[in-house]
Amino acid sequence: MNKNLPKWVDLGLIPLLTLFLAFAVSGLVVMSIGQNPIEVVRVMIQGAFNPFGIGHTLYFTTNFIFTGLAVAVAFHARLFNIGGEGQAGIAGVGVTLIMLSVDWPHWTVALVAGTVAAMAFGAAWAAIPAYLQAKRGSHIVITTIMFNLIATAVVGYLLVGPLQAEGSLPESPKFPDGAALPTLHDILGVVGIEFDRFAPVNISFFLALIAALLVWILIWKTRLGYEMRAFGHSERAAVYAGISPMKITMVAMLISGALSGMMAVNTVQGEAERLVLGAVEGAGFIGIAVALMGRSHPVGVLLAAFLFGILTQGGAELQFTLGIPAQMITVIQALIIMFTGSLENMVRIPLEKIFLNTGKRGQA
Amino acid sequence: MMDFLTNDLLQLSDSAIRFATPLLLACLAGLYSERAGIFDIGLEGKMLVAAFAAGAFSALAGMSVDDGGWNMGGAAVWVGLLAAIIASIIMAMIHAFASITLRGNQLISGVAINFFAAGITVLIGQYWFKMGGQTPQLHEGQRFEPIILPFAKSLQDVPVLGPVYHDLISGHNIIVYLSFVIVALTWLILYRTRFGLRMRAVGENPGAVDTAGISVVKLRYSALIITGILCGLAGAYLSLGTAAAGFGKDMTSGRGFIALAALIFAKWKPIPAMWATLLFGMLEAVGSKYQTLDLGFMVLPGQFMQALPYILTVVILAGFVGKAIPPKAGGEPYVKER
């Protein structure tokens, strides 16, 4: 990213320092509402890692891996996909439609069908903003924001209209039993390891790990990934090298939308087994924080997604044990986005000064 | 038909103005920021923080000393307004520091501010008032009351104009009237003052402004202070000037984004911003009055009205109906050449 800084500073030290700052300010917020930060950290870690909590932590992590990868892929082509929320929401509709259309004989078939539907619907919802950016020059950030809000209205309409189950709740009918995905309890049970029977984490977690591997291959080992990165570095140079902006914008956004969409396999098919209102729960936005912290690298995304999984589950425990509203986590997330994203230069500029000076001295 | 015109249309227009006011203020707030070359997708967050500050401080100022308040009577509402403006300016300055001084990513900063606002308002609200993130119900003196304009009552019986004056123009609170004054002021500032000219220039070509010896940084900070003030007013209106009479969790519910949509719709111009927000206000009014809209040949669900501002914005952005071209330097941090 930056030639002035050694790689370990750029990829290791800066994210850690910015994270530290974000946590330090979070600590101040905790103190300002009359709580003890050390106690808060203890409760959160305990809540995220106890035998009951870990299954939830990994479940949330799965969501954030998908949405984080989605933002990261778009970032490589210098596209800011802020529409993960809407793409995942519409993907949920896709999963629901396909799950309710057939009486699924076996989960393997249902998993493939669900994944394909989620990817297709997520990609489709990203396609229009991508096309408008590439062809008509509309700013992708604004259009994806608008598409998030339109998606909310669409899902809201479907759940009190055509897709609503009998009864007054705004939710779809339950999927057939054959569509149910194996949970981590089922999977680990095969090899004789005990795991919480009620934990929502399911086979999608492994799907997320595979997705991370595939994204790594795509970005660093394929021609397309190279073109995306070239386009992200300099659009003019990329065009000069014969790379089509239209193609890269479309492909990057379609992949990004498909990845966001895959989150629905975890939440809609894996956990709720029906479509409910607000199924995405902000995971699309958290993907931004995850990609920023993870430096848009799949390994970084995995680590950051796990951190946010811990925060989300730990935050639920905070409410339970200490009565601190779950919004505490929203604040921490905001501070992480702020410090690792927009305020990053606060750390980077001084570090560049230090390393540039020592570098010069070294040469002299 | 006559009945529809006199009653329903008048009532709809009246609520359209009420719905449009916070949109208009937030839209003008965004106008200052974006005209100066700073993208602002954090309007929502600033409004939310302001709405909370207004609700919380107006409640505290109006409460009796025994209940832990300051017993300030009728001044409470102004304390709330001031708190809203200060809170919103603080948020705007965080955005300014990140975008101007540190030359960080303006979009990411906006996202962070929205998140921060959604969290911190509930967190502090719960800590102070223990009402699940809400602030206490506001009473007289703690909120803005409708103003009955002169002769509204006596002219009520004049055909057409009487009801229009009485029901539509009269009877809003001070922020409503203020917001329309600010439209005119903004037009004047933007097109008839040196500051306005420079601000527009800094959003199009900061290099040229810098060459002329004018500080880009100072101009952009000033613009963002105005953005803060206007978002403060917008937020204060929500908790002090509507039937809500207090702050509720996530009470902006996307209005910051509708304002952003209106800004694009209005092509970053003040007078069209007023029409755009009135249009979106009308859509909201129709959407809240009718659950579904029967057009005779088809029935539109309420959610369609909810989504219409966003759909219209996408269409406008795509340039199918008149192209919306944003200020040229928007989103790009300015690096002084050395």
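Author: In this predicted model, B:Ala87 counts as buried, because 28 C-beta neighbours lie inside 10 Å and the cut-off for a buried residue is 20 or more. B:Ala87 is found in helix H3 of chain B. Leaving aside residues up to four places away in sequence, B:Ala87 touches B:Val49, B:Ala50, B:Ala53 and B:Gly232. A further relation across the sequence concerns B:Cys231: B:Ala87 and B:Cys231 are 144 residues apart in sequence, yet their C-alpha atoms are 9.7 Å apart in space.

B:Ala50, which B:Ala87 touches, is among the residues that touch the most other members of the largest nonpolar core, a set of 225 residues; the others named with B:Ala50 are A:Leu69, A:Met262, A:Ile337 and B:Ala262. Helix H3 (residues 76-101) of chain B gives the most to this core, with 15 residues. In soluble globular proteins, nonpolar side chains tend to be buried together.

B:Ala262 leads in turn to a pair of helices. Not counting residues up to four places away in sequence, B:Ala262 touches B:Leu23, B:Cys27, B:Ala273, B:Ala276, B:Thr277 and B:Phe280. Within H10(B), B:Ala262 is joined by B:Ile258, B:Leu263 and B:Phe265 in meeting B:Ala273, B:Ala276, B:Thr277 and B:Phe280 of H11(B). By class, this contact of H10(B) with H11(B) has 7 nonpolar residues, 1 polar residue and no charged residues.

Helix H10 (residues 255-265) of chain B and helix H11 (residues 270-289) of chain B have axes that come within 8 Å and cross at roughly 135 degrees. H10(B) is therefore oblique to H11(B). The crossing in which H10(B) passes H11(B) is right-handed.

A:Gln46 is found in helix H2 (residues 37-49) of chain A. A:Gln46 counts as partly exposed because 13 C-beta neighbours lie inside 10 Å. A:Gln46 and A:Phe231 are 185 residues apart in sequence and 44 Å apart in space, C-alpha to C-alpha.

Finally, there is the contact between the chains. The contact takes 37 residues from chain A and 38 residues from chain B. On the side of chain A that touches chain B, at least two residues each come from helices H5 (107-136), H6 (140-160), H12 (283-293), H14 (327-342) and H15 (345-363) of chain A. By class, that side of chain A has 23 nonpolar, 12 polar and 2 charged residues.

Technical notes: Residues numbered from 1 in each chain as written. Chains lettered and ligands numbered in written order. Predicted model: local features only at pLDDT ≥ 70, side-chain atom pairs only at ≥ 80, totals over all residues. Contact = placed C-beta atoms within 7 Å. Helix = DSSP H or I, 4+ residues; strand = E, 2+ residues; numbered from the N terminus. Nonpolar A, V, L, I, M, F, W, Y, C, P; charged D, E, K, R; others polar. Axes fitted to C-alpha atoms, helices over the stretch in contact; angles between N-to-C directions. Parallel < 35°, antiparallel > 145°, perpendicular 65-115°, else oblique. Left-handed = near helix turned anticlockwise from the far one by under 90°. Core = buried A, V, L, I, M, F, W, Y, C linked by C-beta atoms within 7 Å. Buried ≥ 20, exposed ≤ 12 C-beta atoms within 10 Å, placed from the backbone.
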